Amino acid sequence: AMGVEGDEVKEISIGEILDYIDNATYVIVKDRNILSQLPIKDYNFVEKKDDDISHDNINVMTVEMVKGMEFSNVIVVDTGMNRREKYVAYTRALNKLIVAR
């Protein structure tokens with residue numbers, strides 16, 4: 001986006017997620033099948049519009065859920081995502097985007 005400056009995109013392994021995550025970070029996944037691969041213990045999974053976003057736990061959200069939303073810090077686990085889903089997920093980050101594979 002024009003006039004938006006942020007960190008360079010960083011690529012990490014899924015196992016490194018905990019090194020880059022805090023409560024201000026949102027994690028985007030394709031669907032709930034990826035949850036077993038995440039090293040995060042306490043998280044709030046948001047997959048429907050009526051699910052609440054947590055202020056105490058890490059929010060893990062599906063690509064379909066985040067359409068139209070923006071977040072400061074995003075980690076995208078792009079495993080299993082097609083090109084369109086990656087585009088949607090990657091463009092949710094305003095300041096920091098980390099891609100975990």
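Predicted model: local features only at pLDDT ≥ 70, side-chain atom pairs only at ≥ 80, totals over all residues.

Trainee: Which residues have the most contacts inside the largest nonpolar core?

Mentor: In soluble globular proteins, nonpolar side chains tend to be buried together. Here the largest nonpolar core has 17 residues, and those with the most contacts inside it are Ile17, Val27, Val29, Leu38 and Val77. At least two residues of this core come from each of β2 (25-29), β4 (58-62), β5 and β6 (93-100). A second, separate core has 15 residues, among them Tyr26, Ile28, Val63 and Met65.

Trainee: What does Val77 touch, beyond residues up to four places away in sequence?

Mentor: Val77 touches Ile14, Ile17, Val27, Ile28, Val29, Lys30, Ile34, Leu38 and Ala100.

Trainee: How many aromatic pairs does the structure hold?

Mentor: There is 1 aromatic pair. Tyr26 and Phe71 are stacked, at 4.1 Å centre to centre with 25 degrees between the planes. The pair links distant parts of the chain, since Tyr26 is in strand β2 and Phe71 in strand β5, 45 residues apart.

Trainee: Is Phe71 buried or exposed?

Mentor: Buried means under 20% relative accessible area. Phe71 has 8% relative accessibility and therefore counts as buried; Tyr26, at 16%, also counts as buried.

Trainee: Why does Asp78 count as buried?

Mentor: Asp78 counts as buried because its relative accessibility is 5%. Asp78 is found in the loop between β5 (71-77) and α2 (83-90). The side chains of Asp78 and Arg101 are joined by a polar contact of 3.0 Å.

Key: Residues numbered from 1 in each chain as written. Heavy atoms only, no water. Helix = DSSP H or I, 4+ residues; strand = E, 2+ residues; numbered from the N terminus. Buried < 20%, exposed > 50% of the residue type's maximum accessible area, 1.4 Å probe, protein only. Polar contact = N/O pair within 3.5 Å; in protein donor to acceptor, adjacent residues only side chain to side chain. Core = buried A, V, L, I, M, F, W, Y, C linked by side-chain atoms within 4.5 Å. Contact = heavy atoms within 4.5 Å. Phe/Tyr/Trp six-rings, centres within 6.5 Å; stacked < 30°, edge-to-face > 60°.
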